[in-house]
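Subject: Structure for you, with notes on helix packing and a pocket

Hello,

Here is the structure I promised to pass on. Please open it alongside these notes.

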Amino acid sequence: MRLFVICAFLLFKLTLGDACASNQFTESGQCCSLCLAGFGVEVQCGKEDTKCAPCPTGTFSSSEGLGPCLPCAKCPQSVPMVASCSASQDTQCECDNGFFFLSTHGLCAPCSKCNRGEGATQECGLKGDSMCQICGPGTFSEEHASTKPCQTCTQCSDSEVEIRACMPNSDTLCMDKKLHILSRPAESDGPRNTPRLPAVEEVMEEGETSPAPGTPKFTPQDEGGSNNILAYVSVLAAVVLGLLIYVAYKCWRSCKQKKALSKARAAELGSSPEGEKLQSDSGVFLDSHSLQDNQPSKGTKRDSKQDNRLYINLPPHRQEEVECLLQEGGGRGWRQLGAALGYESEQLDLFGRGEAPAHTLLSNWTQKEGSTLGLLCSALARIERPDVVTVLNCPTQGVSVV
């Protein structure tokens with residue numbers, strides 16, 4: 001009898017546990033209630049059931065749960081606000097295409113992209129980052145960096161034959177049934193009546209033995225088709241080889257131009273007789289031409305830290321040149337600059353997920369107050385990038401990077 005009571009009690013607990021949404025119980029065995037959206041936990045579930053209270057102004061709770069109300073986020077400067085914060089919804093900010101608002105850090109982060117064989121179940125936008133899921137049966141995704149959902153697999157028609165079945169990372173491969181490549185008639189089908197060319201005659205020279213019975217015999221049309229296929233393959237191979245040679249030549253030429261540009265800048269900074277070292281903590285070297293272009297008079301020198309010009313006011317081609325130099329900086333690139341400007345490693349990792357992290361970093365930095373060229377030059381000096389400082393302070397001597 002005691003064993004029966006214990007089994008009944010365990011069965012009751014299991015049944016009650018499956019029906020309890022919170023999976024938590026009071027000391028008396030009652031299922032703890034969840035707080036609705038717009039409400040936060042005031043008293044945790046324990047001796048008594050959960051007590052909820054409406055979220056005060058400046059906080060929100062977007063879903064049911066057993067947690068407190070969260071503080072509302074604020075949109076960064078120059079980022080428009082789509083919807084203000086309410087008790088059941090956080091602040092919604094409209095970032096540029098390819099970005100979403102990350103409320104935990106208060107910035108626009110690059111959208112995640114699904115890998116090949118995965119599709120987006122939630123598009124990146126006002127609701128948050130992209131959500132990816134492996135394509136199920138009957139669907140596929142062939143793109144390496146996709147923001148689209150999985151597509152439906154193609155079904156071969158009656159006039160086609162399936163060569164390869166649909167997989168999560170590739171569509172169905174079909175081929176026309178009427179497409180015959182070097183096909184031969186089977187013996188069971190009987191002889192094939194092939195029209196004979198009037199200019200072709202079978203001539204058996206003396207001493208030549210006739211082919212053994214059963215040996216397959218190709219007609220002139222079959223031989224011509226084989227020659228055409230070989231010709232097409234040869235032309236295609238030549239085209240591919242030419243493209244590879246062209247790409248290799250362009251890469252070699254681009255690397256050669258970059259090396260020449262680096263040597264020219266190093267020679268200009270190291271051997272210029274008019275070069276002067278600014279008497280400041282940054283240790284930035286600027287030549288006299290740059291100082292003359294940035295100053296109205298010849299008798300004054302301006303320290304890069306005191307340059308109150310805003311980075312966002314630079315011409316677009318100058319900003320692109322700075323971003324290219326930071327993108328190719330290697331160990332002293334955009335990531336080290338972001339750390340010098342006060343960004344945390346988590347924020348830099350988010351910027352690195354995009355296609356142009358240097359552009360993302362500088363675009364986000366320009367939204368802050370005090371984003372002047374003096375502050376940027378000081379940070380560049382700390383990571384030992386005088387070449388970028390020269391580009392920022394020499395508007396008439398900037399050279400575009402190929």
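The model is predicted: local features need pLDDT of at least 70, side-chain atom pairs count only at pLDDT 80 or more, and totals for chains, interfaces and linings use all residues. Residues are numbered from 1 along each chain as its sequence is written, and side-chain values use heavy atoms, with hydrogens and water left out.

**Helices around H7**

Two packed helices are described by the angle between their axes and the distance between the axes. Helices are DSSP runs (H or I, at least four residues), numbered from the N terminus. Axes are lines fitted to C-alpha atoms over the stretch in contact, with angles from 0 to 180 degrees between N-to-C directions.

Start with H4 (residues 316–327) and H7 (residues 357–365). Their axes come within 8 Å and cross at roughly 125°. That makes H4 oblique to H7 (under 35 degrees is roughly parallel, over 145 roughly antiparallel, 65 to 115 roughly perpendicular, the rest oblique). Contact means heavy atoms within 4.5 Å. On the H4 side are Val322, Glu323, Leu326 and Gln327; on the H7 side, Pro357, Ala358, His359 and Leu362. This contact has 5 nonpolar, 2 polar and 1 charged residues. Here Ala, Val, Leu, Ile, Met, Phe, Trp, Tyr, Cys and Pro count as nonpolar, Asp, Glu, Lys and Arg as charged, and the others, Gly among them, as polar.

H7 also packs on H6 (residues 345–352), with axes within 8 Å and a crossing of roughly 130°. H6 and H7 are therefore oblique to each other. Leu348, Phe351 and Gly352 of H6 touch Pro357, Thr360, Leu361 and Asn364 of H7. The classes are 4 nonpolar, 3 polar and no charged.

**H8 and H9**

The axes of H8 (residues 373–382) and H9 (residues 386–393) come within 9 Å and cross at roughly 160°. The two helices are therefore roughly antiparallel. Leu373, Leu376, Cys377 and Leu380 of H8 meet Val388, Val389, Leu392 and Asn393 of H9. That contact has 7 nonpolar, 1 polar and no charged residues.

**The second largest pocket**

Its volume is about 330 Å³. It has 15 lining residues, and Asp96, Cys108, Ser363, Asn364 and Gln367 are the closest to its centre. (On a 1 Å grid over the protein atoms alone, a pocket is an open set of points where a 1.4 Å probe fits, with protein on both sides within 12 Å along at least five of seven lines; lining residues have an atom within 4 Å of a point. Points are joined across faces, edges and corners, and volume is the space filled by probe spheres set on them.) H7 gives the largest share of the lining, 4 residues.

Best wishes
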